[in-house]
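Dear colleague,

My findings follow it, beginning with the protein as a whole.

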Amino acid sequence: MARHLQMLGLERAPFPPTPDAAAWFQTTRLEADLVEAAHCLRTRAGFVLLTGEVGTGKSTFLRRLLLALDGEGVVTSMVFNTFLQGPDLLAAVLRDFGLDARGNPAADIETLNRFLVQRWRAQVTCVLVIDDAQNLTLESLELLRLLTNLETGQEKLLQIVLAGQPELHQNLEQPGIRQLASRICKHVRLEALDPAGIERYVHFRLAAAGNPSPGITLAAGAALALHRASGGNPRRVHLIMDRCLYGLYGQRADARTVNAALVRIAAAEAGVQPVRPRAGLPVALAASLAGLLVAGVLMLALRSDDSHAEERAPTVMSPVAAAEETHRQWNACLRRLGDQPLQMQAIGDALLARLPSREGLCLRRQGDGWLAGWRAGLRAEDFLDGAGDPQRLLALQALLAGYGLYDGALDGRYGPRMRAAIRQFQDRSGLPASGLPDPATLLLFDTHLAARSGAGPTPPETQRHGHG
């Protein structure tokens with residue numbers, strides 16, 4: 001254990017950077033949510049939805065949920081890599097259940113169904129947990145809907161837990177997947193802490209770490225300063241309070257009080273920007289209003305002649321009316337995109353500025369970025385041998401070759417040279433250079449291929465931010 005924690009009389013780190021299910025901050029509402037979610041899974045009532053912003057404790061809640069079911073005849077498949085989509089996602093589910101995947105969706109669903117029936121007869125409940133599910137495409141969500149159809153006639157054979165950021169719930173509200181949303185038996189929403197909740201949370205974490213008596217405490221005003229700096233987000237609270245403990249260690253030997261000034265210094269050292277909502281508004285509502293003001297009502301651009309959104313002068317409306325109008329126009333835009341499959345991806349302003357065109361793209365302001373929807377051209381399964389359309393990869397190879405990034409044979413295969421070319425493309429486009437066809441990369445590929453079919457595309461290294 002770190003020396004500064006020992007000197008402060010602590011037995012363990014009270015504010016670790018990773019989820020800590022062993023010292024879970026229990027509130028009446030969280031306890032009720034946990035009991036209801038576990039009950040839904042035990043009784044095979046449907047699927048559970050868990051949403052919350054980054055850092056609000058989704059991973060910890062999942063661990064506690066699985067711990068509550070431990071020893072009750074439950075077998076679990078856990079998928080944390082939502083780069084996997086469609087048939088590849090299904091194969092990962094089978095492998096985690098210990099089954100052999102053949103790469104054929106129909107055959108794999110049949111294999112899974114036989115396994116689930118066997119487990120049901122043995123009175124074993126099978127649970128599928130998917131984290132970061134906001135990254136799932138509509139095609140993958142439709143696959144999960146098919147899996148919820150597996151039943152004995154009386155009970156669902158597979159119980160599903162979808163966990164993700166708040167946009168996951170919005171994705172489930174899309175017209176093409178509403179049948180899946182109708183099967184939610186419990187929606188757990190993890191919210192930010194208020195100042196009083198932060199004070200209780202900090203003292204709880206300190207006590208769980210062996211805080212002696214008299215020990216470390218918060219001075220008057222410190223909880224409010226911590227709330228202003230963190231926005232009530234537990235992960236940010238951990239970052240700030242960890243720095244506060246270093247600050248106490250650097251003061252006089254008997255210093256045990258965290259005051260507002262120390263919180264502000266610690267927040268600056270941790271790189272946490274203060275959250276400043278508008279006066280009189282809750283943090284979540286202020287953030288929503290800010291997004292609406294920045295975005296206007298909606299940015300929509302469609303390729304067909306009659307699909308461009310009508311330009312309107314700014315209209316003053318209530319937050320609820322503005323949100324409803326945004327939701328209505330977003331759904332209308334998606335419907336005009338046509339039949340499935342559609343892709344959904346959260347993107348930032350920097351990536352939006354790098355798109356060579358916004359034609360055929362639906363956009364909705366979401367937090368500090370955007371939710372983008374478009375008709376899928378390339379899909380993740382196209383990069384798997386025998387699972388996709390090689391013609392799509394041939395077109396992509398030609399595109400990358402035209403940019404001087406790919407020098408291999410145009411064979412429609414996702415091999416080492418192709419991965420190297422994708423890494424270069426991602427690096428030049430400001431994306432993590434993984435070489436994998438993640439959703440953000442697929443969005444760039446689709447827009448570049450669309451631009452190539454018309455006017456000549458703009459190579460990624462020559463694009464400028466702000467290009468529309």
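Please note first that this is a predicted model. Residues 24 or more positions apart account for 70% of those contacts in the protein that have a separation of 6 or more. The protein has 468 residues, of which 47% are buried. Its secondary structure consists of 18 helices and eleven strands. The accessible surface amounts to about 22,200 Å², and carbon and sulfur atoms hold 51% of that area.

I turn next to the sheet. Five strands form an open sheet with parallel pairing, in the order S2-S3-S4-S1-S5. Strand S2 (74-79) and strand S5 (184-190) are at the edges, each pairing on one side only. From one strand to the next, the twist averages 15 degrees.

Leu128 has Ile160 in S4 as its bridge partner. Helix H6 (residues 138-148) packs on the sheet, where it touches S3 and S4. The direction of H6 makes about 150 degrees with that of S4.

The buried residues in H4 are Gly86, Asp88, Leu89, Leu90, Ala91, Ala92, Val93 and Leu94. What do the buried residues of H4 pack against? Their partners are S2, helix H5 (105-121), S3 and H6. Just after H4 comes Gly98, which takes a positive phi of about 85 degrees.

Two residues other than glycine also have a positive phi, and each is found in a loop. Gln123, in the loop between H5 and S3, has a phi near 60 degrees, a positive value in a residue that is not glycine. Is Gln123 buried or exposed? Gln123 counts as exposed because its relative accessible area is 68%, above the 50% cut-off. Asp132, which is not a glycine either, has a positive phi of about 50 degrees. The loop that holds Asp132 runs between S3 and H6. With a relative accessible area of 32%, Asp132 is partly exposed.

The second largest pocket has a volume of about 810 Å³. It is lined by 35 residues, and those closest to its centre are Gly55, Thr56, Gly57, Lys58 and Pro234. Which helices each supply at least two residues of this lining? They are helix H2 (28-42), helix H3 (58-69), helix H9 (195-208) and helix H11 (234-249).

Thr441 is buried because its relative accessible area is 0%, under the 20% cut-off. Leaving aside neighbours within four places in sequence, Thr441 is in contact with Ile422, Gln426, Leu431 and Leu436.

Yours sincerely

Note on methods
Residues numbered from 1 in each chain as written. Predicted model: local features only at pLDDT ≥ 70, side-chain atom pairs only at ≥ 80, totals over all residues. Heavy atoms only, no water. Helix = DSSP H or I, 4+ residues; strand = E, 2+ residues; numbered from the N terminus. Buried < 20%, exposed > 50% of the residue type's maximum accessible area, 1.4 Å probe, protein only. Contact = heavy atoms within 4.5 Å. Areas by Shrake-Rupley, 256 points an atom, 1.4 Å probe, with all protein chains shown as cover. Pairing = 2+ DSSP bridges. Axes fitted to C-alpha atoms, helices over the stretch in contact; angles between N-to-C directions. 1 Å grid on protein atoms, 1.4 Å probe; cavity = no way out; pocket = protein on both sides within 12 Å on 5 of 7 lines; lining within 4 Å. Points joined across faces, edges and corners; volume = space filled by probe spheres on them.
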